[in-house]
Amino acid sequence: LDRSRAHVKMAAHMRSNGMEVALPPVGGFNPPNRLLCGPGPGNAHPRVLSKMGLPQVGHLDPYFLELMEDIKSLLRYTFQTTNDFTIPVSGTGSAAMEACVCNMIEPGDTMLIGINGYFGNRLVDMASRYGAKVHTMNKPWGQVYSFEEIKAAVEKYKPTVLALVHAETSTGACQPFDGVGDLCRKHNCLLIADCVTSISGVPLYLDKWGVDAAYAGTQKALSCPPGVAPLSFSPRAMAKLMGRKTPVANWYLDMRMIASYLTGSSGGARSYHHTAPISMCYALREALELVKEEGLEARWARHREVAEHFWKQLEAMGLEMLVDHKYRLPTLTTVKVPPGIDSKKVTTYMLQRYEIEIGNGLGELAGKAWRIGLMGCNARHDIALLIVSALRDALEQQGYKVPRRAAL
């Protein structure tokens, strides 16, 4: 009652001073400490979080420009590319996705997109908005394309750009890229790869595979908060960008303008485009330092080893994975919801009782699957066993009978 009277008094005082909107009745905040094992974001590494509290410098400060050069070098290692234009985009992975589309597409260009999950559909939406003639290859969610299927579609539609999702976050499927880059070069086609859920957690070779434009996210296997997004353009992609007949239709994501700010390798003066997220760049720099310290091959192997053990534990509980083992992402597992189980009740129970987040199905898989991420610093055996134990408890709350062989 006293608080209510105080707000009434404050509102009257503000109106007397010409202010119409009163102070909102909100207090401070203290987020819960949760284990984030859904499709992302995952938990940020403590070292990464600590770097975000360091003193800020200006976005044109020599120190920051030097730090950006470090980030670009480390991203090249993590992407396995020598592309000069390899940068962090100011925005989440969806911003980097749109950057690939809006810079590589001009109105009237033909774009071929593989749809075997939610994010293929997002690429279609973006490309259509930028005036592309969109054609699609369609597969059931959780499946991948064979080289022969991709080859037939490229020969049929003769696209300017082919876009494939390397790691489909909605399904947990990993698309093979062997031979696709050579195919695209043969047909004078650019190749875009969605690497949001694969970067640093799954073998990824932009140059070896002939990928021309790739984008990723920081909040998954890199164990960095969302807010910046890795992007890389090959020399072929840069030639397409610089030779455009029309302006890039998105000012903020116009990579020709951003190149003059972030690259500056020719010795010319850098030009202002936007204020980079300084603290987020500190976080990404530290996340990439952790990748360098562990080594890519060791990091990939750790994710695979933990995932294999996790899958065996789930199967012992009588649960079935959505994706065939050969094409299953180590970073993200989709588990089919057993008959008679309410999937949302399971995720709610795990969150409320154990402070553990796993994801429900997205799009066509809503109510049919859970998405469980063991990514970055969360790709550990102890965390995998904790998820299995909490999931088992949540299932038993709904009467699910776990086979006797599934003792932890």
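This report covers the sheet, the helices across it and the aromatic contacts of a predicted model.

## Basis

The model is predicted: local features need pLDDT of at least 70, side-chain atom pairs count only at pLDDT 80 or more, and totals for chains, interfaces and linings use all residues. Residues are numbered from 1 along each chain as its sequence is written, and side-chain values use heavy atoms, with hydrogens and water left out.

## The sheet

Seven strands make up an open sheet. Their order is E2-E10-E9-E8-E5-E3-E4, with mixed pairing. Strands (E, at least two residues) and helices (H or I, at least four) are DSSP runs numbered from the N terminus. Two strands pair if DSSP finds at least two bridges between them. Strands E2 (85–90) and E4 (133–138) stand at the edges; each has a single partner strand, so one side of each lacks a neighbour in the sheet. Neighbouring strands are turned by 20° against each other on average, direction ignored.

Strand E3 (residues 110–115) pairs with E4 in the parallel sense, over six bridges. Gly 114 has Met 137 in E4 as its bridge partner.

## Helices across the sheet

Helix H3 (residues 62–79) lies across E2, E9 (213–215) and E10 (228–233). H3 runs at about 110° to E2. Axes are lines fitted to C-alpha atoms, for helices over the stretch in contact (heavy atoms within 4.5 Å). Angles run from 0 to 180 degrees between N-to-C directions.

Helix H4 (residues 93–104) lies across E2, E3, E5 (161–165), E8 (190–194), E9 and E10. H4 runs at about 30° to E10.

## Aromatic pairs

The structure holds six aromatic pairs. Rings of Phe, Tyr and Trp (its six-membered ring) pair if their centres lie within 6.5 Å; planes under 30 degrees apart count as stacked, over 60 as edge-to-face and the rest as tilted. The rings of Phe 177 and Trp 209 are stacked, because their centres are 5.7 Å apart and their planes at 15°. This pair links distant parts of the chain, 32 residues apart. Phe 177 sits in the loop between strand E7 (173–174) and helix H7 (180–186), Trp 209 in helix H8 (residues 206–209).

Buried means under 20% relative accessible area, exposed over 50%, partly exposed in between (1.4 Å probe, protein chains only). Phe 177 is buried at 1%. Trp 209 is buried at 13%. Ring pairs join Phe 177, Tyr 205, Trp 209 and Trp 300 into a cluster.

## Charges over rings

A charge sits over a ring if NZ of Lys or CZ of Arg is within 6 Å of the ring centre and within 35 degrees of the ring normal. Lys 208 lies over the face of Tyr 205, 4.1 Å from the ring centre. The charged end of Arg 328 sits over the ring of Trp 311, 4.7 Å from its centre.
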